[in-house]
Structure formats: structure tokens, C-alpha cells
Amino acid sequence: MLAGHRTWIFEQKPVIISTGTVGGPFEANGAIPDDFDNLHADLWLGQDSYEKAHKILFEEACQKAMEKGGIQKDQVQFILAGDLINQITPTSFASRTIGAPYFGLFGACSTSMEGLALGAYIVNTKGAKYLLTGASSHDTAVEKQFRYPTEYGGQKPPTAQWTVTGAGAALLSDSGEGPHVTSATIGRVIDMGLTDPFNMGGAMAPAAVDTIEAHLKERNVEPSYYDLIVTGDLGQIGQEVSMDLFKKHGTPISEEQYQDCGLMIYREGQPVLAGASGAGCSATVVYGHLLNRMKKGEFKRMLVVATGALLSPLSFQQNETIPCIAHAVSIEYGGEQLT
């Protein structure tokens, strides 16, 4: 089951039997609104704080995944999920509604694939029949915590990214119909000494490259094995940096094959600067848009590499550099699969 130093091969091939995705008003005006199960017209979601609205996003994503999977909440054995807000309270508070045993995760924007990797490991070893995993973010709540409240009106440089208001959840099982989770490569913490919190893509790119190259080596496959290698939220800057690193290392990944969730979710003309980010970015794009395309037969194999910047407001104020991480999970649907 362990290939190399940090790659798991899932012999039982856990199944993503259903997903739920929820977004906000900015996502409703984006490039892939039809791939959301629910879209809200208001950032407040009827709540009196953005953090409470954030909680609702994840609750709804989980409820939609259970509804589409045809199971009740008392059948869910574990929840593995997280977000970006202090002590991941939105996710924790949402999980009390479901009531299943809960693993709270923090991997910043890498949380979606951290949860899917761990969830697949649990199901693969017969540790659960059904579990939920996912991640979420809320633009205004995250801006208030990590940068400036939106009302402040602070300007941002071109390297900055727009945090997704959204949540994505996946229902994993040991059997059923749907895409299979076939392997996962766990990321190392990489810190190249960058300190600019408005350039997350540039900071995270080396971590993405490190994990992708380790995955290819330990699975003994060429990049061409995958129809799509997609990063979580490197955005325009991070994607360009990582492509430069691949070329420098001689890793044959084409620009057409290598894409980014942060460049898929919004349409041209939306003021997102270098693209989208947030723990909900890869969760919504993968569990909505990309899995929908996969089920339509557009491609059979993808490697999802969710990237995260492991800084906090405190570490930034203390002039710390930004440590980053990336977790890779392979998802396959139809066709011959490696064992």
C-alpha cells in the first residue's frame, strides 16, 4: 500500500459516490455556476456574521452530498474537514449539526485533498463504510482575518487572489458507482523564504512541484498517464512559476494538461487579479466542475494537487516566512487503472 516514501496506493479504490457544492454571489456570476448544487445571492446567508454564514456553506454541502448519495446523517461514520478561520470554528460548528465522529483538519487551502487522502485511507482499510470529507472558505471572513476587512477598501497588488465563498463535500464509500480514489501523495512543508501574503501562488508553487514530482516517481508513471494535473489555487503567478520549475527539472508536463482550479472558477472580467484561492476553491471546482466533466467522459484520470500556505496573522506580524504544502490525490473513472 505504501509506494516509496510518501505515496499511498489504495487497492480497494474507495468510491466518491456523491458530492455537494455550494457557492456565493461572486461564484454565481463566475465561469462554472451550473456545476454548483446551490448558489446564494447574498454573502450573509441570512446570518448576522460572515463566520456564521461560512458555517452554513459547509452544512449545506454535506447535506447535499448525503441527499444525492441516498444516506442519512446517522450512517456517516466520520467527517474529515476544515477551513481557514480561527480554530476552524465554521467547520466544527457545522459538524455538530451532522453529529458524526469528526476529525478537524487544517492544511490551509490544501485541506480538501488532505481530507480526501485521509478519508480514502480509512475507507481502504475498512475503517468506515461512509464518510464525509470537504473544505470551505468565505471571502469576507477570510479577508477580515488575514488581510483587511472589505469595508476598509484597501488596494491589492496584481499578485493577490480572490478567496472563494464556497464549500465542497464528498461522500466516500467502499462500494458503489462513481469515480475512484486510487492513490495519494502527502506533501512536505516547503519554505522558500517568501514573506508577501499577497503572493500566495508564488509561495506555494515549489510545494506543488515537489509533491507532483514525488508522486510521479513513487507511482512510476509519466505525467502523460493523467489526462489532467490540476493544482488547487496557484493562480496565474503560481502556475507560471511551477511551469518554469518543471521545465528546469526536465519534468514533461504540458501547459494544456496542467491546469489550476483558481483559474477555472471565475470568468474573464471579474476582478480576481491573479485568480481564486481559499480552502473552498479546489473543493468546489473538483467536487463540482471537474467530477461532472469526468462523469461525462471528457477525461478518465486526474491528479488533484491542493496547495496551502501555512501562515497565520500572528506569524505574518512576527515577520515569519511562509511555509507551504501540497497534497496530491489521483481520481480515476472508467478505463484501466494502475494497481
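Where is A108 found? A108 sits in the loop between β6 (102-104) and α4 (111-124), where helices (H or I, at least four residues) and strands (E, at least two) are DSSP runs numbered from the N terminus. Before I go on, please keep in mind that this is a predicted model, in which local features need pLDDT of at least 70 and side-chain atom pairs count only at pLDDT 80 or more, while totals for chains, interfaces and linings use all residues. Residues are numbered from 1 along each chain as its sequence is written, and side-chain values use heavy atoms, with hydrogens and water left out.

Let me start with the backbone. Most residues other than glycine have a negative phi. A108, although not a glycine, has a positive phi of about 55°, and A108 is buried, with a relative accessible area of 2%; here buried means under 20% relative accessible area, exposed over 50%, and partly exposed in between (1.4 Å probe, protein chains only). L273 also has a positive phi, near 55°, and its place is in the loop between β12 (258-260) and β13 (276-277), but L273 counts as partly exposed at 48% relative accessibility.

Now to the salt bridges, each being a side-chain nitrogen of Lys or Arg within 4 Å of a carboxyl oxygen of Asp or Glu. By this rule the count comes to 12. One of them joins the side chains of K64 and E67, at 3.5 Å from N to O, and because these two are three residues apart in helix α2 (residues 50-69), about one helical turn separates them. K64 counts as partly exposed, at 23% relative accessibility, whereas E67, at 56%, counts as exposed.

Another salt bridge pairs E143 with K156, whose closest N and O atoms are 2.9 Å apart. E143 lies in helix α5 (residues 139-146) and K156 in the loop between α5 and β8 (162-163), so this pair ties together parts that are 13 residues apart in sequence. E143 is buried, with a relative accessible area of 4%, while K156 is partly exposed at 31%.

A further salt bridge brings together the side chains of E298 and R293, at 2.8 Å from N to O, and E298 counts as partly exposed at 47% relative accessibility. Finally, salt bridges that share partners join R6, R188 and D210 into one network.
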